Amino acid sequence: MLVLPRRVGLVAFALMLAPMLSWPAALSAQDYPTRPVKIIVPFGAGGPADVYSRVLAQHLSEALKQPFVVEDRPGAGSIIGTDAVAKSPPDGYTLLAMSNTHTTNESLIANKPFQLMRDFVPVAGINYSDLVMVIHPSVPAKDLKEFIAYAKTKPGELNYASSGAGTPYHMAAELFKAMSGTNLVHVPHKASGEMRNSVIGGHVQMAFDAITTMAPNVKAGQVRALGTSAARRSTVLPDVPTIAEAGVPGYESTIWLGIMAPAGTPKAIVDLLNAEINKAISRPDVKEAWDKQGAVALVMTPAEFDAYLRKDIEKWAQVVKVSGAKAE
């Protein structure tokens, strides 16, 4: 009988064992999902992340024959809910709904309990949309140039609302401050719904909000729109000029949403989710509904979404540096 040397025997045994060890992961990816999947939204109810995650969850539930359940866990500028996902098993059953709040927080908040590109894996984009800059009707300004002139006569006296430090609403306003030379005071709120009610009620003078949620309030005359944030005018509010054309040349900022999973989630599961999410957001009925709301689908592979995130982290790191923005 041929007896292998001890080292050769261990190597041969390890090579034989390796495929067996990979079976559970392969099987779990092949059968996924076999139970409900949770999508944690680290923002308040009623905001874009909550609304669009529920649209996505419905389509994923139908396609994958298991419930996809949205759970809002707001707090600490998205940190609480995001950390909960970071600490979840990397098995595809807990997902994170995220936005450019997360890419901004990479430079804005140094002592986070997680790092975005270390502790998560990109899954798919959802959509992006314009922001709209609005003021309460009591502010004596009919357009953006008048508001800038008025703000400069009252440095540090006018307030703007956001749904928390690092959110797209906060950073859009900080970018506006830096580019317009105005001194406005940040008043963070716990959720976008609270922020919206604050400016509608006149508790603050100004806010940036997603055009998808604020447009009805503009049309109802509850707030006055001074400008939209993208490079081109929005089809939702076509009579409202862009901020760039209304008085701050070069200004541009949007809000986007995506899905990530805990680092270590099997690639087969990530690829499956990516394919199904891209199918959902490419459906003609979804695209038509989102077009009316001013949202545009972000169809990307996981690798493309990874590159998109890294580029956005760099962009907002520069804005944080130039504007001096801080996490209150």
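1. **Helix α4 against helix α7.** Asn100, Thr101, Thr104 and Leu108 of α4 meet Pro168, His170 and Met171 of α7. Contact here means heavy atoms within 4.5 Å. By class, this contact has 3 nonpolar, 4 polar and no charged residues. Nonpolar covers Ala, Val, Leu, Ile, Met, Phe, Trp, Tyr, Cys and Pro; charged covers Asp, Glu, Lys and Arg; the others, Gly among them, are polar. Helix α4 spans residues 100-108 and helix α7 residues 168-180; their axes come within 9 Å and cross at roughly 65°. Axes are lines fitted to C-alpha atoms, for helices over the stretch in contact, with angles from 0 to 180 degrees between N-to-C directions.

2. **Basis of the model.** This is a predicted model: local features need pLDDT of at least 70, side-chain atom pairs count only at pLDDT 80 or more, and totals for chains, interfaces and linings use all residues. Residues are numbered from 1 along each chain as its sequence is written, and side-chain values use heavy atoms, with hydrogens and water left out.

3. **The chain overall.** The protein chain has 13 helices and 10 strands. These are DSSP runs, numbered from the N terminus: helices are H or I with at least four residues, strands E with at least two. The C-alpha trace spans about 95 × 40 × 30 Å along its principal axes. Of the 328 residues, 52% count as buried. Buried means under 20% relative accessible area, exposed over 50%, and partly exposed in between (1.4 Å probe, protein chains only). Among contacts with a separation of 6 or more, 78% come from residues 24 or more positions apart.

4. The largest nonpolar core has 66 residues; Met133, Leu144, Phe147, Phe176 and Phe208 touch the most other members. Another core lies apart from it, with 31 residues, among them Ala49, Ala57, Val286 and Ala295. A nonpolar core is a set of buried Ala, Val, Leu, Ile, Met, Phe, Trp, Tyr and Cys residues joined through side-chain atoms within 4.5 Å. In soluble globular proteins, nonpolar side chains tend to be buried together.

5. **Phe208 and the rings.** Leaving aside neighbours within four places in sequence, Phe208 is in contact with residues including Leu131, Met133, Tyr169, Phe176, Met195 and Tyr251. Ring pairs link Phe176, Phe208 and Tyr251 into a cluster. Rings of Phe, Tyr and Trp (its six-membered ring) pair if their centres lie within 6.5 Å; planes under 30 degrees apart are stacked, over 60 edge-to-face, and the rest tilted. By this rule there are 8 aromatic pairs.

6. **Charges over rings.** The charged end of Arg35 sits over the ring of Tyr93, 3.7 Å from its centre. For Lys112 over the ring of Phe114, the distance to the centre is 5.8 Å. The rule asks for NZ of Lys or CZ of Arg within 6 Å of the ring centre and within 35 degrees of the ring normal.

7. **Helix α3 and Ser99.** Helix α3 (residues 79-86) is mostly covered, with 6 of its 8 residues buried. They are Ile79, Gly81, Thr82, Asp83, Ala84 and Val85. These buried residues pack against β1 (37-41), β3, α4, β4 (120-135) and β9 (254-262). Ser99 lies in strand β3 (residues 94-99). Ser99 counts as buried because its relative accessibility is 2%. Apart from neighbours within four places in sequence, Ser99 is in contact with Phe43, Pro168, Trp256 and Leu257.

8. **Backbone points to check.** A cis peptide bond joins Tyr32 and Pro33, with omega about -10°. Pro33 is in the loop between α1 (6-31) and β1. Lys65 is not a glycine, yet has a positive phi of about 60°. Its place is the loop between α2 (48-64) and β2 (68-72). Ser78, in the loop between β2 and α3, also has a positive phi, near 90°. Which of these counts as buried, and which as exposed? Lys65 is exposed at 66% relative accessibility, whereas Ser78 is buried at 2%.

9. **Lys326.** Lys326 is in the segment after α13 (302-323). Lys326 is exposed, with a relative accessible area of 62%. Not counting residues up to four places away in sequence, Lys326 touches Leu108, Ala165 and His170.
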